[in-house]
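Welcome to this short tour. Please open the viewer and keep the selection tool at hand.

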Amino acid sequence: MKIDMECMFSGETADTDEHVIPQWMQSRYNLHNQVVVIPNGTSLQYRYAKIPVASKHNATFGNIENRISQGIYSSEEVYLWALKIH
């Protein structure tokens, strides 16, 4: 499925989507059905909070998230990941 939007990470056309809060974190902290209210007042469950991305960039962030979930990360990786979540 092709998403006709600009990609958050690169400005390239997105071809997939990415969970803002990674699925491993949603599972670990039981967030799937929890509700977040975004700045415009809209509320949604964490599992539906996604952004359009290009697959190759999603894979790169996936590698970073895997390292973070295992506790083996660099400060640069945490910085990039925190920017993504923000």
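How many residues in the lining of the largest pocket are nonpolar, polar and charged? The lining divides into 9 nonpolar, 1 polar and 1 charged (Ala, Val, Leu, Ile, Met, Phe, Trp, Tyr, Cys and Pro count as nonpolar, Asp, Glu, Lys and Arg as charged, the others, Gly among them, as polar). This is a predicted model, where local features need pLDDT of at least 70 and side-chain atom pairs pLDDT 80 or more, while totals for chains, interfaces and linings use all residues. Residues are numbered from 1 along each chain as its sequence is written, and side-chain values use heavy atoms, without hydrogens and water.

**Next stop: two helices**

Now select residues 55–70, helix H2, and residues 75–85, helix H3 (helices are DSSP runs of H or I, at least four residues, numbered from the N terminus). Look for Phe61, Ile64, Glu65, Arg67 and Ile68 in H2, which meet Glu77, Val78, Leu80, Trp81 and Lys84 in H3 (contact means heavy atoms within 4.5 Å). The residues of this contact divide into 6 nonpolar, no polar and 4 charged.

Methods. Axes are lines fitted to C-alpha atoms, for helices over the stretch in contact, and angles run from 0 to 180 degrees between N-to-C directions.
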